[in-house]
Amino acid sequence: LLDVFECPEEILSAPARRLERVAGIGEKIARDLSSLGRSGLEREQGLIAKYGLDVITLYDDAYPRNLRYTVDKPIVLYVKGAIAPSDDLSIAMVGCRRPSLYGMEQAERFARDCAERGITVISGMARGIDTRSHEGALKAGGRTISVIGSGLGNVYPPENEPLAQRIARSGAVISEFPVSTGPRRFNFPRRNRIISGLS
């Protein structure tokens with residue numbers, strides 16, 4: 001779309017029929033973009049301000065260096081907190097949502113040990129291993145980044161909202177999805193490429 005229209009404003013003001021003619025853009029995407037328009041963009045900007053988020057695009061210097069080399073990298077990242085250059089040295093820790101007690105203890109211990117050595121722990125803030133990995137990094141006073149499968153206005157699981165706030169104070173909570181996007185099943189496998197790409 002950017003190759004054809006040259007700037008986002010032109011994309012948002014283009015009629016659906018014109019958008020459909022761009023290779024790879026079907027009727028549904030064209031209709032969705034056309035209905036978003038300028039008012040949709042203004043609504044999204046209002047939500048970004050309301051939640052105190054930063055938006056980083058692929059074209060910004062602040063875009064995570066490791067992620068630039070990922071296949072199918074996200075064009076936009078919504079960020080609560082901050083991504084630091086030190087996050088280039090990181091490890092992804094993910095696992096099942098109903099682990100054994102031993103599994104939870106070891107995930108937290110491993111994350112704590114990594115964080116104490118200056119390694120940023122990246123996970124998805126899901127129940128179970130992900131949550132314990134973030135907790136371990138936080139207990140060590142280290143950095144942790146969470147990549148969630150919903151918009152930052154709909155943190156999932158909801159009981160991890162306080163954890164998300166703590167992560168944002170000493171790392172970042174990241175999403176590629178618009179602020180009000182709910183937790184949809186297919187978003188979670190999709191976000192895994194970002195967890196992988198950041199680490």
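The conversation below takes a few strands and helices in turn and sets each term against its definition.

Analyst: This is a predicted model, in which local features need pLDDT of at least 70 and side-chain atom pairs count only at pLDDT 80 or more, while totals for chains, interfaces and linings use all residues. Residues are numbered from 1 along each chain as its sequence is written, and side-chain values use heavy atoms, with hydrogens and water left out.

User: What makes strand β6 largely enclosed by the rest of the structure?

Analyst: Strands (E, at least two residues) and helices (H or I, at least four) are DSSP runs, numbered from the N terminus, and buried means under 20% relative accessible area, with exposed over 50% and partly exposed in between (1.4 Å probe, protein chains only). Five of the five residues of β6, residues 171-175, are buried, so the strand counts as largely enclosed. Both of its faces are covered, with Gly-171, Val-173 and Ser-175 buried on one side and Ala-172 and Ile-174 on the other.

User: How do you know which strands pair with β6?

Analyst: Two strands pair if DSSP finds at least two bridges between them. Strand β2 (residues 76-81) is joined to β6 by four bridges and runs antiparallel to it, and strand β5 (residues 144-147) is also joined to β6 by four bridges, but runs parallel. Ile-174 in β6 stands opposite Val-79 and is also the bridge partner of Val-147.

User: What makes the buried residues of α5 lie on one side?

Analyst: The residues concerned are Gly-103, Ala-107, Glu-108, Ala-111, Cys-114 and Ala-115. They cover an arc of only 130 degrees around the axis, which puts them on the same side of α5; the arc is that of the directions from the helix axis to the C-beta atoms. The face turned away from this buried side carries the exposed residues Leu-101, Tyr-102 and Glu-116.

User: Why is helix α6 called largely enclosed?

Analyst: Nine of the 11 residues of α6 are buried, so the helix is largely enclosed by the rest of the structure. Among the buried residues are Ile-129, His-134 and Leu-138, and what covers the buried residues includes α5, β4, β5, α7 and α8, where contact means heavy atoms within 4.5 Å.
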